[in-house]
Amino acid sequence: YGFYVSGLTFINDLVCRGLIIDKRHGNLVKVDRFGYVREAMHGTRKMSEEEVLTLYGRDVVDLRNNERYNFANTLFSASE
(Lines give C-alpha, C1' and ligand atoms only; values in the text may rest on other atoms or scores of the structure.)
Protein backbone atom coordinates (compact mmCIF):
# COMPACT_ATOMS: atom_id res chain seq x y z
CA TYR A 1 0.00 0.00 0.00
CA GLY A 2 3.00 2.26 -0.07
CA PHE A 3 3.36 2.51 3.73
CA TYR A 4 6.34 0.97 5.46
CA VAL A 5 5.01 -0.59 8.68
CA SER A 6 7.15 -3.67 9.27
CA GLY A 7 9.55 -1.63 11.42
CA LEU A 8 6.81 -0.24 13.68
CA THR A 9 5.97 -1.67 17.08
CA PHE A 10 2.34 -1.95 18.18
CA ILE A 11 1.84 -0.63 21.73
CA ASN A 12 -1.39 -2.22 22.92
CA ASP A 13 -1.50 -0.17 26.14
CA LEU A 14 -2.31 2.91 24.06
CA VAL A 15 -5.50 1.49 22.54
CA CYS A 16 -8.80 1.64 24.37
CA ARG A 17 -12.44 2.15 23.51
CA GLY A 18 -14.24 5.44 23.73
CA LEU A 19 -11.40 7.71 22.65
CA ILE A 20 -12.23 10.98 21.00
CA ILE A 21 -9.98 12.65 18.46
CA ASP A 22 -9.70 16.42 18.89
CA LYS A 23 -8.94 17.46 15.32
CA ARG A 24 -8.21 21.08 16.29
CA HIS A 25 -5.33 20.22 18.63
CA GLY A 26 -4.38 16.78 17.31
CA ASN A 27 -5.02 15.06 20.64
CA LEU A 28 -6.68 11.83 21.69
CA VAL A 29 -8.91 12.52 24.67
CA LYS A 30 -10.80 10.41 27.16
CA VAL A 31 -13.82 12.10 28.74
CA ASP A 32 -15.89 11.28 31.80
CA ARG A 33 -19.62 10.58 31.68
CA PHE A 34 -20.36 14.31 31.80
CA GLY A 35 -18.16 15.13 28.78
CA TYR A 36 -15.22 16.71 30.62
CA VAL A 37 -11.75 15.77 29.39
CA ARG A 38 -9.97 13.68 32.04
CA GLU A 39 -6.98 12.41 30.07
CA ALA A 40 -5.32 13.39 26.81
CA MET A 41 -2.44 12.27 24.67
CA HIS A 42 -0.58 14.03 21.91
CA GLY A 43 0.91 11.27 19.78
CA THR A 44 2.22 8.72 22.27
CA ARG A 45 2.93 11.32 24.96
CA LYS A 46 0.44 11.49 27.80
CA MET A 47 -0.31 15.10 28.62
CA SER A 48 0.05 16.24 32.23
CA GLU A 49 -3.00 17.15 34.29
CA GLU A 50 -1.90 20.78 34.11
CA GLU A 51 -1.70 20.69 30.30
CA VAL A 52 -5.16 19.09 30.06
CA LEU A 53 -6.66 21.64 32.43
CA THR A 54 -5.01 24.54 30.59
CA LEU A 55 -6.15 23.35 27.16
CA TYR A 56 -9.64 22.03 27.96
CA GLY A 57 -10.54 23.49 31.35
CA ARG A 58 -14.26 22.95 32.05
CA ASP A 59 -15.24 22.73 28.37
CA VAL A 60 -17.64 19.91 27.57
CA VAL A 61 -16.82 17.80 24.53
CA ASP A 62 -19.73 18.02 22.09
CA LEU A 63 -19.66 15.02 19.77
CA ARG A 64 -22.17 16.72 17.48
CA ASN A 65 -19.33 19.04 16.45
CA ASN A 66 -17.98 16.77 13.66
CA GLU A 67 -15.58 19.43 12.44
CA ARG A 68 -13.66 19.33 15.71
CA TYR A 69 -14.25 15.86 17.20
CA ASN A 70 -14.28 12.31 15.89
CA PHE A 71 -15.55 9.57 18.19
CA ALA A 72 -13.37 6.45 17.89
CA ASN A 73 -15.85 4.10 19.54
CA THR A 74 -14.43 0.73 18.52
CA LEU A 75 -11.03 -0.93 18.49
CA PHE A 76 -11.26 -0.94 14.68
CA SER A 77 -11.50 2.87 14.74
CA ALA A 78 -8.14 3.12 16.50
CA SER A 79 -6.27 2.32 13.29
CA GLU A 80 -8.07 4.92 11.17
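**View 1. D22 is a buried residue in a predicted model.** The model shown here is predicted. D22 has a relative accessibility of 0%. The cut-off for buried is under 20%, so D22 counts as buried. This residue belongs to strand β1, which covers residues 19–22.

**View 2. The side chain of D22 makes a polar contact with the side chain of R68.** The distance for this pair is 3.0 Å. The side chain of D22 also has a polar atom 3.1 Å from a backbone atom. That backbone atom is the nitrogen of R24.

**View 3. D22 has contacts beyond its sequence neighbours.** Set aside the residues within four places of D22 in sequence. D22 is then in contact with N27, Y56, R68 and Y69. R68 is also the residue whose side chain makes the 3.0 Å polar contact with the side chain of D22.

View 4. Strand β2 spans residues 27–31. β1 and β2 pair in the antiparallel sense, over 3 bridges. Across from D22 stands N27 of β2. N27 is also one of the residues in contact with D22. Between the two strands lie 4 residues. In the turn, G26 has a positive phi of about 75 degrees.

**View 5. Strand β1 also pairs with strand β5.** β5 runs over residues 69–72. This pairing is antiparallel too, with 4 bridges. Which residue of β5 is the bridge partner of L19? The partner is A72. In a regular strand, side chains alternate between the two faces of the sheet.

Definitions and conventions
Residues are numbered from 1 along each chain as its sequence is written. This is a predicted model: local features need pLDDT of at least 70, side-chain atom pairs count only at pLDDT 80 or more; totals for chains, interfaces and linings use all residues. Side-chain values use heavy atoms; hydrogens and water are left out. Buried means under 20% relative accessible area, exposed over 50%, partly exposed in between (1.4 Å probe, protein chains only). A polar contact is a pair of N or O atoms within 3.5 Å; within protein, one must be able to donate a hydrogen and the other to accept it, and residues adjacent in sequence count only if both atoms are side-chain atoms. Contact means heavy atoms within 4.5 Å. Two strands pair if DSSP finds at least two bridges between them.
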